[in-house]
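Please examine the sequence and the three-dimensional structure shown below. The paragraphs that follow lead through them step by step.

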Amino acid sequence: MATSRRVLTLWRVAVFIAALAPLVYWGWQVAINAAGPEPGRYLLLNIGQGILWMLLLTLSLTPLSKLTRWKGFTLIRRQLGLWTLAYAVAHLLCYALFILGLDLSRLGSEIVRRPYIIVGMLALLGLIAMGVTSNQWSMRRLGRRWKTLHRIVYPVLGLGLLHFLWVVRADLGQWSAYAAVGACLMILRIPPIARQLPKIRQRRQVKRAAA
Amino acid sequence: MLIKIAKPSDLRESDVTPESVYLSRRRFMGGVIGVGAGLALAGRAQAATGPDYADVPAGNPPGWFGPKLENAKWGAVVPADREVDKNTPFDDATHYNNFYEFGTGKGDPARRADRLETQPWSVVIDGEVNNGGRFALEDIARPSQLEERIYRLRCVEAWSMVIPWLGIPLSDVIRRAEPTAKARYVRFETLVRPEQMPGQDSSFALIDWPYVEGLRLDEAMHPLALLGLGMYGRELPNQNGAPFRLIVPWKYGFKSIKSIVRISLVEEQPVNSWQAIAPDEYGFFANVNPEVDHPRWSQATERRLPNSLFSPNIIDTRMFNGYADEVGSLYAGMDLRKQY
């Protein structure tokens, strides 16, 4: 499938706008006092879910491009990965500014009582490691090791889901949905299954040609 | 017939000084100093006509509610420090709720609770009582005067509000049921109606419906324990536990069970829903206690809502949510670290 350069550029811009839109929307809700009596927490929790969305979308790109071979999916992988990092940094900032109120003396006791904060920080460190090595220069320098390094994304997904699970109090519905999507995306990476993905496309093409 | 022999150390209802008494004394002194002559007058006018809830949208109360409201005793209990304990805006109190029958999001109850039908409503009173049965809500409410009580509400999640409730003393209802000598605890149950309560339809819910709560009989007989029928000068909005809920201001909010359909006097200590889910996190007593932390967060402070982005409005949590003078004696000799 060949897509013109212009369409691909538009696609990248569209993805950029779509990824930015939720942040703008939540900020707007806070600005017009529609975010409820606890706006800091509103931002914290919504952006937290946004991280999982971005991460799962990023992880769906490789299976999708294998399935369709469309260049557009590979083209936005770095962008979505960086959006995941941006959301995670925003989430941390919300916590530090609005929940902790920048009172670092409370951080110590918070971490002891809320061990999921450590889990979240570890996930963020993983995202940062991938973020700073996402440029062409790092890819050239790291060579083969780049790919190994970026496999951190799998433990990051696990840590992120664990961090979220720890916060859930009484209904696992939403968490289960994220976990199920994450599990599917992981299954699609198991080599024998991953090898089937291009074949599905080829079979479809053969069928279409025959018809 | 319940014969309760009072120990000399027991507090009587008449011993409890309502916070409004403190308040009226403050008002009086303000008048004496001359700064607040107008304030004192305003205070009297308020007591006669009821407080100003002009901004609060009218509800759809049952016919019997209007006459009760006219005879309500306004400001029966009011926080001593109205600077700190200002009423939470109605909009916040009705759009930030934990009512898992309608979903686990704070906004879910406001969005989904309008489907709940609350008229007519009946309540079963059973167990160790001589005068049990199924009663229409208006018959339960009829003999008691409606009282406005402005209470602090402290959620176990470390946020808090101040709500002007309207209700009747729980002790009135229990007395009329005539508990037998065996009755030691009171068990409450919320409505189960999944077709109107979508949270009960979730197959991922950890709560085993119905939602259950309980009090020790002496806690239930305490004058501060209220059965709520309204708030902000009107009947309860659905998302706040309409039409009939419990309010126990010295305990974490989850004890104040909503949309009650059954009150049972029992011998054994009931297992409340949150205790059943996570006994190491939520106990039976659930008294507000800044010294006993939740395993996953501190209870030493609370976020008084509404807050804003750069002022989280964190205040110190008080023992028994500030009602220690009134209820502390109920727990004399108990290890509150173990019996949390």
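In this predicted model, the contact between the two chains takes 26 residues from chain B and 17 residues from chain A, where two residues are in contact if their C-beta atoms, placed from the backbone, lie within 7 Å. The side of chain B that touches chain A has 14 nonpolar, seven polar and five charged residues. In this classification Ala, Val, Leu, Ile, Met, Phe, Trp, Tyr, Cys and Pro count as nonpolar, Asp, Glu, Lys and Arg as charged, and the others, Gly among them, as polar. For the complex, the predictor gives an ipTM of 0.74 and a pTM of 0.81.

Some conventions are needed for reading on. Residues are numbered from 1 along each chain as its sequence is written, while chains are lettered from A and ligands numbered from 1 in the order in which they are written. Because the model is predicted, local features need pLDDT of at least 70, side-chain atom pairs count only at pLDDT 80 or more, and totals for chains, interfaces and linings use all residues.

Chain A has eleven helices and zero strands; helices (H or I, at least four residues) and strands (E, at least two) are DSSP runs, numbered from the N terminus. The C-alpha atoms of chain A fill a box of roughly 65 × 40 × 35 Å along the principal axes. Of its 211 residues, 22% count as buried. A residue is buried if 20 or more other C-beta atoms lie within 10 Å of its own, exposed if 12 or fewer, and partly exposed in between, with C-beta atoms placed from the backbone. Among contacts in chain A between residues at least 6 apart in sequence, 68% join residues at least 24 apart.

How do the helices of chain A pack? Axes are lines fitted to C-alpha atoms, for helices over the stretch in contact, and angles run from 0 to 180 degrees between N-to-C directions. The crossing of H1(A) and H4(A) is right-handed. A crossing is left-handed if the near helix is turned anticlockwise from the far one by less than a right angle, and right-handed if clockwise. From H1(A), the residues A:Arg12, A:Val15, A:Phe16, A:Ala19 and A:Leu23 meet A:Gln79, A:Leu80, A:Trp83 and A:Ala90 of H4(A). By class, this contact of H1(A) with H4(A) has seven nonpolar, one polar and one charged residues.

Helix H2 (residues 39–68) of chain A packs with H4(A) at about 160°, with axes 8 Å apart, so H2(A) and H4(A) are roughly antiparallel to each other. H2(A) passes H4(A) in a left-handed crossing, and their contact has 17 nonpolar, seven polar and one charged residues.

The axes of H4(A) and helix H6 (residues 116–132) of chain A come within 10 Å and cross at roughly 140°, which makes H4(A) oblique to H6(A). This crossing is left-handed, and the contact of H4(A) with H6(A) has eight nonpolar, three polar and no charged residues.

Chain B contains ten helices and 13 strands, and 42% of its 340 residues count as buried. Its average pLDDT is 88, and 85% of the residues score at least 70; pLDDT is the predictor's confidence in each residue, from 0 to 100. Over residues 21–49 of chain B, however, the pLDDT is below 50. Where pLDDT is low, the predicted coordinates should not be read in detail.

What backbone features does chain B show? Most residues other than glycine have a negative phi, and most peptide bonds are trans. The peptide bond from B:Gln119 to B:Pro120 is cis, with omega near -5°, and B:Pro120 is found in the loop between helix H5 (108–112) and strand S2 (122–127) of chain B. A cis peptide bond also joins B:Leu305 and B:Pro306, with omega about 0°. Phi of B:Ala158 is near 75°, a positive value, and B:Ala158 is partly exposed, with 18 other C-beta atoms within 10 Å.

Key:
Angles under 35 degrees count as roughly parallel, over 145 as roughly antiparallel, 65 to 115 as roughly perpendicular and the rest as oblique.
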